[in-house]
Amino acid sequence: MSDAVVIGSGPNGLVAANMLADAGWAVDVLEAQPEPGGGVRSDRGVHPDFVSDVCSAFYPLGVGSPVMRALDLERHGLRWRHAPAVMAHPFPDGRCAVLERDVERTAEGLERLGPGDGEAWTRLYRRWEDLGDDLAGVLFGPFPPVRAGASLAAKVRAAGGLRLLRMLLLPVRRLGEEEFTGPGGPLLLGGSALHADLFPESTGSAMFGWLLTMVGQQYGWPVPEGGAGELTGALVRRLEARGGRVHCGTPVTSVIVHGGRALGVRTASGESIRAAKAVLADVSAPALYGGLVGWEHLPSALRADMRRFTWDLATFKVDWALSGPIPWSSPDAARAGTVHLASGMNALTDYSAQIATGKVPADPFLLLGQMTTADPARSPSGTESVWAYTHVPQKITGDAGPDGITGSWDARDQNAMADRLETVIERYAPGFRERVIDRRILAPPMFQRHNANLVNGALNGGTSGPHQQLIFRPVPGAGRPETPVPGLYLASASAHPGGGVHGACGANAARAALRGDGPLGRHVVRPAMSALQRLLAGE
């Protein structure tokens with residue numbers, strides 16, 4: 001009998017398992033897929049000479065998260081590689097905003113795009129230097145953040161108090177308008193905010209954009225040498241060195257609940273696996289509540305709340321094997337690992353509005369990765385392994401473009417959308433298509449075949465909108481990994497703090513299991529609200 005069973009071997013599940021093993025627990029991780037990693041995997045499925053990351057690829061939070069740093073995965077074979085520049089946003093006229101590894105170089109480039117913008121960027125980064133460690137402690141630690149929150153509150157007061165909180169609550173469009181005169185700074189922030197399912201006008205999108213760009217400014221947006229799977233490999237090796245075990249090809253069909261407590265799991269083969277102390281579920285909230293755990297074991301209010309659970313946006317992705325580097329019109333774009341493609345802030349708003357009304361965007365905003373630029377081991381010398389993705393609605397009502405994409409995602413839909421992505425790239429890199437050796441399309445339904453948590457390519461375990469964060473994640477009154485079933489903990493991105501490869505959701509679940517915390521609701525809502533009120537009041 002194990003002390004703990006972890007359902008799912010995504011990064012959160014593996015982080016949780018490692019922390020439990022560190023405490024001396026016997027841990028078994030059960031994974032439905034034939035290999036571990038969830039969305040952190042790589043393969044040679046596009047071309048045998050090219051390594052492609054199936055889902056996630058760049059890991060700013062992998063190096064910026066205190067949870068991941070504490071695991072010291074470099075001792076278990078992980079090597080981080082960096083592109084010459086972190087991120088670029090080229091413009092149609094050939095100019096380019098670049099997030100450099102050095103803040104002074106970033107500021108110099110932005111100053112050329114708008115007078116005073118270098119100073120504005122430096123000012124934003126200095127705020128990050130003052131607050132970043134404490135903010136990371138609040139965001140990636142257990143909720144409510146009592147200790148980390150107290151330290152952050154003191155620094156927030158010193159840094160401007162309510163004015164700083166106002167900045168974090170701003171829409172990212174407004175932050176760009178207030179701080180910058182040119183287009184570069186706003187688009188570095190705006191494109192980064194749209195990594196989440198937020199729009200330029202969304203409340204709080206400024207915080208997401210600021211967080212991601214400032215982490216990139218401090219740590220970069222690195223990649224694991226050899227592919228995303230090497231990050232998973234390091235987590236597995238670390239776990240196995242401590243006696244933990246990962247069982248692939250072992251889907252779990254239910255959590256065994258008896259006497260009101262989680263006692264283990266049942267697998268698709270009919271095997272019952274007991275857990276002496278805890279079951280941790282690195283699965284989406286909708287898959288756990290009413291799925292692995294029947295409604296007869298759960299409060300009726302939770303069932304009503306789960307009907308209102310909001311997924312984040314669906315994803316459409318293409319991987320390419322290229323015979324040479326992308327022929328960018330802007331040379332600076334060639335130096336960046338990640339490239340954002342949109343003609344301006346208004347284009348980001350148009351794209352977002354079309355998604356909000358159920359339409360496939362006519363001119364999609366692309367997030368593009370130049371993997372060989374970041375890690376030469378990804379493809380033969382002189383070639384490039386590339387991917388790009390965009391978001392589409394979870395429920396498609398029509399196509400804002402000319403191709404009549406229906407959302408059935410048959411071969412016609414897939415090829416039409418892939419061609420649309422290539423048309424966007426060609427606008428900034430004429431001749432791109434001539435360098436394509438092969439491509440692989442991942443339409444929304446294909447993501448969940450690789451990882452059941454990624455419903456239609458929803459990458460963040462549920463929306464990043466403020467109505468489903470903190471004490472509202474995944475439902476009102478939550479915010480912590482405890483569930484209504486004692487001994488069962490939610491360890492996926494559906495729990496606080498949400499999506500991103502930072503390991504915090506798994507770490508929080510492991511901490512709660514080690515404490516033996518009781519069911520959700522016993523000590524969560526009132527303390528959480530009290531701590532939040534004190535933080536906002538600056539007490």
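In this predicted model, the side chains of Glu 422 and Arg 433 form a salt bridge with an N to O distance of 2.9 Å. Glu 422 belongs to helix 16, whereas Arg 433 sits in the loop between helix 16 and strand 19 (436-442), so the pair ties together parts that are 11 residues apart in sequence. The two partners can also be described by their accessibility. Glu 422 is buried, because its relative accessible area of 5% falls under the 20% limit. Arg 433, at 36% relative accessibility, counts as partly exposed, because that class covers values between the 20% and 50% limits.

Arg 420 and Asp 399 are both buried.

A further salt bridge joins the side chains of Lys 317 and Asp 319, at 2.5 Å from N to O. Lys 317 and Asp 319 are each buried. These residues belong to a network of salt bridges that links Asp 43, Lys 317, Asp 319 and Arg 440. In total, the structure holds 31 salt bridges, including the following.

| Salt bridge | N to O distance |
|---|---|
| Glu 422 and Arg 433 | 2.9 Å |
| Lys 317 and Asp 319 | 2.5 Å |

Gln 370 is located in strand 16 (residues 366-370). With a relative accessibility of 1%, Gln 370 counts as buried, because the limit for that class is under 20%.

The side chain of Gln 370 makes a polar contact of 2.8 Å with the side chain of Trp 328. A polar atom of the Gln 370 side chain also lies 2.7 Å from the backbone oxygen of Ala 336. Trp 328 and Ala 336 are among the residues that Gln 370 touches when those up to four places away in sequence are left out; the others are Ile 326, Ala 333, Ala 334, Gly 337, Val 339, Glu 384 and Ser 385. For one of these, Ala 334, the C-alpha atom is separated from that of Gln 370 by 8.3 Å, with the two residues 36 positions apart along the chain.

How values were computed:
Residues numbered from 1 in each chain as written. Predicted model: local features only at pLDDT ≥ 70, side-chain atom pairs only at ≥ 80, totals over all residues. Heavy atoms only, no water. Helix = DSSP H or I, 4+ residues; strand = E, 2+ residues; numbered from the N terminus. Buried < 20%, exposed > 50% of the residue type's maximum accessible area, 1.4 Å probe, protein only. Contact = heavy atoms within 4.5 Å. Polar contact = N/O pair within 3.5 Å; in protein donor to acceptor, adjacent residues only side chain to side chain. Salt bridge = Lys/Arg side-chain N within 4 Å of Asp/Glu carboxyl O.
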